Amino acid sequence: MWRSLFAFAGRMVPERCVICGKVLAPGGCADPPVCAGSCRQITPPDGVLCPVCGVPLSHAVGPCSRCTRSGYAFEFHRSLSLYRGRVRDLIIEMKFHRRRRVVLCFVEPISNLVAGIEADAIVPVPPSRSGRRRRGFDHVKNIARRVSRERNIQFLPLLRRGRAPVQKTLNFTARLANMGAAIRVCAVLPGSARRVILVDDVFTTGATMSACAAALKQRGALEVFAVSLAMEP
Ligand SMILES: [Zn+2]
Ligand SMILES: [Zn+2]
């Protein structure tokens, strides 16, 4: 009896938006614990963007100095937003506070972002083993799968990540070599998957996505288009 009383009391406490604290409409179990307003506050990077990595440029023509140095293996990268403000809050809720349902905030925006890209497969960037263990779910895979359904493009979670040393202090070349050694393609790419959309959460130096793109190209992909939820400016 006590258990059912507690359960009843629990249902009486209104659920609040984890971002802005607003009380959510009751019965909205299918919705993320984020109000529609906070969910919509994903502002795209503005101004002139680097044609390769999508970072806003301080000068009028690209590519940016990072792309000139890096020579990425993907064709181009586009992000929903810079990694700051509400988007950063949403990503932190999902990644570090294990709010699974926040993935729903990103499905439609990513689906819209890839709408103009001619591709025949969607591949998620694999999580690190420790990240996956800590969260208990793979938010990138979850978003990529839902987007593949929306866009009617085949979903190919083919990449795996082995152990890679901690990267925070390494420069781009060392990160790329590290990631290149850690990324595996666990099956041959089907002949129908030559143009691939690669999905990740946060684009920092681009080393992870570049290593994934290189691995996919070694297995038969001709073009790889990278998209992420947010990017470091
Ligand atoms: Zn809110
Ligand atoms: Zn760039």
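Guide: Happy to. This is a predicted model. Let's take Ser79: 25 other C-beta atoms lie within 10 Å of its own, and the cut-off for buried is 20 or more, so Ser79 counts as buried.

Visitor: Okay, and which strand is Ser79 found in?

Guide: Ser79 belongs to strand β1.

Visitor: What does Ser79 touch, leaving out residues up to four places away in sequence?

Guide: Its contacts are Pro45, Gly54, Phe203, Ser228, Ala230 and Met231.

Visitor: Let me pick Ser228 from that list. How far apart are Ser79 and Ser228, in sequence and in space?

Guide: Along the sequence, 149 residues separate Ser79 and Ser228, yet their C-alpha atoms sit 4.7 Å apart.

Visitor: Now the strands. How do β1 and β7 run, and how many bridges join them?

Guide: Strand β1, residues 76-82, runs parallel to β7, with six bridges between the two. One pairing to look at is Leu82, whose bridge partner in β7 is Met231.

Visitor: Switching to β6: in which sense does it pair with β7?

Guide: Also parallel: β6, residues 195-203, and β7 share eight bridges. There, Arg195 stands opposite Glu223 of β7.

Visitor: And what do β6, helix α9 and β7 make?

Guide: A β-α-β unit of the right-handed kind, with α9 covering residues 207-218.

Visitor: Last one: how many residues of β7 are buried?

Guide: Eight of the nine, so strand β7 (residues 223-231) is mostly covered by the cut-off of 20 or more C-beta atoms within 10 Å.

How values were computed:
Residues are numbered from 1 along each chain as its sequence is written. Chains are lettered from A and ligands numbered from 1 in the order in which they are written. This is a predicted model: local features need pLDDT of at least 70, side-chain atom pairs count only at pLDDT 80 or more; totals for chains, interfaces and linings use all residues. A residue is buried if 20 or more other C-beta atoms lie within 10 Å of its own, exposed if 12 or fewer, and partly exposed in between; C-beta atoms are placed from the backbone. Helices (H or I, at least four residues) and strands (E, at least two) are DSSP runs, numbered from the N terminus. Two strands pair if DSSP finds at least two bridges between them. A crossover is right-handed if, with the strands pointing away from the viewer, the path from the first strand over the helix to the second runs clockwise. Two residues are in contact if their C-beta atoms, placed from the backbone, lie within 7 Å.
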